[in-house]
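User: I would like to learn how to read surface patches, pockets and salt bridges in a model of this kind. Could you take me through them in turn?

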Amino acid sequence: MTETKEEKFIRLAEKRTNEAIKKIRLIGNLSNKNNYEYSEEQVTTIIKALETEIRKVKNAYQKESEEKIFKLKR
C-alpha cells in the first residue's frame, strides 16, 4: 500500500523538524563560554540567519493561502 500525500507529509515533516531542532540545539551548545569564544556580532549574525530561514518557511505556508484570497478595500 502506498502512502497518501498527507502521510508522506507527516513522515517527512516529523523527521525534518526533529533534525532541525537537534541542529538548533547544537548551535545553542556553542554558547558555553568555557569551551568557545565569540563576539556579540557573530551571535547576532547566527540568530539573524536562523530567523530569516524561519520567516521564509512561514511565508511559504502562508503564501498559498494568501494567494486564494483577494479583496479590495472600499
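**Patch, pockets and salt bridges**

Analyst: On the surface, I24, I27, L30, Y36, I46, I47 and L50 make up a nonpolar patch, and together they have about 550 Å² of accessible area. Please keep in mind throughout that this is a predicted model.

User: Which helices supply at least two residues each to the nonpolar patch?

Analyst: They are α1, which covers 5-29, and α2, which covers 40-67; α2 gives the most, with three residues.

User: How should I read the pockets, and how much space lies in the largest pocket?

Analyst: The general idea is that rolling a probe the size of a water molecule over the atoms shows where empty space is left. In this model, the largest pocket holds about 200 Å³ of space, and its lining consists of I27, G28, L30, S31, Y36, E37, Y38, Q42, V43, I46 and I47.

User: What is the volume of the second largest pocket, and which residues line it?

Analyst: The second largest pocket has a volume of about 150 Å³, and F9, L12, A13, R16, T17, A20, V57 and Y61 line it. The elements that give two or more residues to this lining are α1 and α2, and here α1 gives the most, with six residues. The lining of the second largest pocket divides into six nonpolar residues, one polar and one charged.

User: How many salt bridges are there, and where are they?

Analyst: A salt bridge is read from distance, with a side-chain nitrogen of Lys or Arg lying within 4 Å of a carboxyl oxygen of Asp or Glu, and by this rule the count comes to two. R11 pairs with E3, where the closest N and O atoms are 2.6 Å apart. R11 counts as partly exposed because its relative accessibility is 42%, and E3 is likewise partly exposed, at 37%. E53 forms a salt bridge with K56, with the closest N and O atoms 3.2 Å apart.

User: How are E53 and K56 placed in the helix?

Analyst: Both lie in helix α2, three residues apart, which is about one turn of the helix; E53 is partly exposed, with a relative accessible area of 43%.

Methods. Residues are numbered from 1 along each chain as its sequence is written. This is a predicted model: local features need pLDDT of at least 70, side-chain atom pairs count only at pLDDT 80 or more; totals for chains, interfaces and linings use all residues. Side-chain values use heavy atoms; hydrogens and water are left out. Patches are made of residues with over 30% relative accessible area and no salt bridge: like charges are joined within 9 Å, nonpolar side chains (Val, Leu, Ile, Met, Phe, Trp, Tyr) within 5 Å. Accessible areas come from the Shrake-Rupley method with a 1.4 Å probe; for residues, only the protein chains shown count as cover. Helices (H or I, at least four residues) and strands (E, at least two) are DSSP runs, numbered from the N terminus. On a 1 Å grid over the protein atoms alone, a cavity is a set of points where a 1.4 Å probe fits but cannot get out, and a pocket is an open set with protein on both sides within 12 Å along at least five of seven lines; lining residues have an atom within 4 Å of a point. Grid points are joined across faces, edges and corners, and a volume is the space filled by probe spheres set on the points. Ala, Val, Leu, Ile, Met, Phe, Trp, Tyr, Cys and Pro count as nonpolar, Asp, Glu, Lys and Arg as charged, and the others, Gly among them, as polar. Buried means under 20% relative accessible area, exposed over 50%, partly exposed in between (1.4 Å probe, protein chains only).
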